Amino acid sequence: MIRRFSTYLYNHPGVLLALLLGPPLGWMLVIYLGSLAALLFQSFYYLDGFTGQVVREFSFLTYRDLFSAAHMTIVLKTVVMALSVTIGSVLIAFPLAYYSVRYAGKRLKVLLYFAVLLPLWSSYIIRVYAWKLMLAKEGIVSWFFAQLGLSGVLEWLLSMPIVGGASLSVSNFGLFLVFTYIWLPYMILPIQASLERIPHSLLDASGDLGARPLQTFRRIVLPLALPGVVAGSIFTFSLTLGDYIIPSIIGDSTPFIGMAVYSYQGTAGNLPLAAAFTVLPMVMMVFYLLGARKAGAFDAL
Amino acid sequence: MKNKNLGLAITMWAVVTFLHIPFFVVMLYAFTTDSSTFTFPPPGLTFKWFGVAWSRADMWAALSLSTRVAAISTLVALVLGTLAAAAVYQSHFFGREAVSFLLVLPIALPGIVTGIALRAAMGEAGMTFNFWTIVIGHATFCVVVVYNNVLARFRRSNPSLVEASMDLGADGWQTFRYVVFPNISSALVAGGMLAFALSFDEVIVTTFTAGQQATLPIWIFSQLTKPRDRPVTNVVAFFVVIVTTLPILWALFQNRKFEEQTQND
């Protein structure tokens, strides 16, 4: 029975394709895209201020509320953080990716492969918690600075407006550091992939034609690595936009988009506003993805 | 040139250290005698928190829930991910690119979007938030992990093996059973492990689909706000690091080994 059926499938690839594709596609379309659609609908409902009930009628009231000054401050703060984290990750990821592609021997390459992927797959919440321990006033980072006799540098950093705070773990700089740490592997991998693809002959040709190493780096390596950087930035930017765990553990607890969404749907019972808040990062990411596609970033993913 | 390399090498090792130091710090703190602050270096070392953590019923409940959720989600993801990978590999249908895009969307979009979208839809559908709503959310973002692993394996394996098997008289089922399945089985295990790790660890989507229950990450997150329970949190963190690292390394090693084999061929 099963044999005849399997032979039938071999001879009828169309039926086989339908059977293979049906379940996963059905799941994603119904559950995932269906949910996104429900979210979009939800954002056009509004909360009745008197009864505290959600009114299921089409209106722009929720969006008018969303574009108020207080809410826009939250959005701006989140976007600035996401951009800083993206830039920070590029600066830290590039040397590692470049070294592993250009200079590392076979064994070191394998070691680096594990060194980057292990943090990526291990527990996110534990890694955030580890930073809470490390950044505390009495924690290892302060201790390290004190050992080097550099406590003054740390105090100077913390005394700065906006980025500073009472200790690293409640400062915006600490928050930036943790975000960058957590998403760093997502930046390293695509940069590595795009650097791998640069043919060695191109670098030789550049040198033969009289370019100094720095010129070769700037005119040949950087432009060809750009798709990888853009691909990595999709993740660092998007993940920072939508995170609410890290800013509620680290930092000065002024709200980010994620925290606003969480509190509006929870205690406030204002699901429409929470939905409208998530539509913003969604729209941003769609434009970002379209731009990234133009930069050829999808080939580097 | 030599000096420039040295500078780059130092930077590279600094980044590697940066990536790994938190694991050692969090493991060290499981042994500290200090129960209220995060003093470094620890004033003393002790094993007593391991006993305290062991006797916490809420911790065991969270651990058990997380394990069950991750097991079921992984099973669903294995089935759906393998089917999708097979479909994309074996035929060139219209919209093939879109399938990959759709599958990666749940992890490419901010977690909060996936979370609140599922919550809105499940609420709309009148579902109560329980074990199964958590599983639905987790399975949705785990599919892509299995899909990527299995598809990569399909692309590296030799398509003429299947034809050879059929030419030698095997029927479709035998070909699947003795040629295709052994070929992808270690990719299934590796993909399954990574999916398990992803589900076991997920917290953002879970908070929206979980109702009153606490998975282990949610439990840890709630402990962080209670200073009294810090030593217990430290011990749990210690175990999570130990228990997750080995399977992850194993799964990564499997993928690596296969890549090297096919490169040598």
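Author: This is a predicted model. Take A:S122, which lies in the loop between helix 5 (106–121) and helix 6 (124–135) of chain A.

Reader: Is A:S122 buried or exposed?

Author: The relative accessible area decides, and buried means under 20%. A:S122 has 2%, so A:S122 is buried.

Reader: Which residues does A:S122 touch, leaving out those up to four places away in sequence?

Author: In chain A there is A:R127, and from chain B come B:F23, B:D201, B:T244 and B:I248.

Reader: What does the side chain of A:S122 reach?

Author: The backbone oxygen of A:L118, at 2.8 Å.

Reader: Now the two chains. How many residues are in contact?

Author: On chain B there are 91, and they meet 88 residues of chain A. Between them the chains bury about 8200 Å², with 81% of that on carbon and sulfur atoms. In chain B, the residues that lose the most area to chain A are B:F18, B:L19 and B:F38, together 8% of what that side buries.

Reader: How many salt bridges and how many polar contacts are there across the interface?

Author: The rule finds zero salt bridges between chain B and chain A. For polar contact, the rule finds nine residue pairs, both residues at pLDDT 80 or more.

Reader: Which part of chain B gives the largest share of the side that touches chain A?

Author: Helix 1 (residues 2–28) of chain B, with 17 residues. By type, the chain B side that touches chain A holds 65 nonpolar, 18 polar and eight charged residues.

Methods. Residues are numbered from 1 along each chain as its sequence is written. Chains are lettered from A and ligands numbered from 1 in the order in which they are written. This is a predicted model: local features need pLDDT of at least 70, side-chain atom pairs count only at pLDDT 80 or more; totals for chains, interfaces and linings use all residues. Side-chain values use heavy atoms; hydrogens and water are left out. Contact means heavy atoms within 4.5 Å. Buried area is the accessible area (1.4 Å probe) that two parts lose on being put together, summed over both. A salt bridge is a side-chain nitrogen of Lys or Arg within 4 Å of a carboxyl oxygen of Asp or Glu. A polar contact is a pair of N or O atoms within 3.5 Å; within protein, one must be able to donate a hydrogen and the other to accept it, and residues adjacent in sequence count only if both atoms are side-chain atoms. Helices (H or I, at least four residues) and strands (E, at least two) are DSSP runs, numbered from the N terminus. Ala, Val, Leu, Ile, Met, Phe, Trp, Tyr, Cys and Pro count as nonpolar, Asp, Glu, Lys and Arg as charged, and the others, Gly among them, as polar. Buried means under 20% relative accessible area, exposed over 50%, partly exposed in between (1.4 Å probe, protein chains only).
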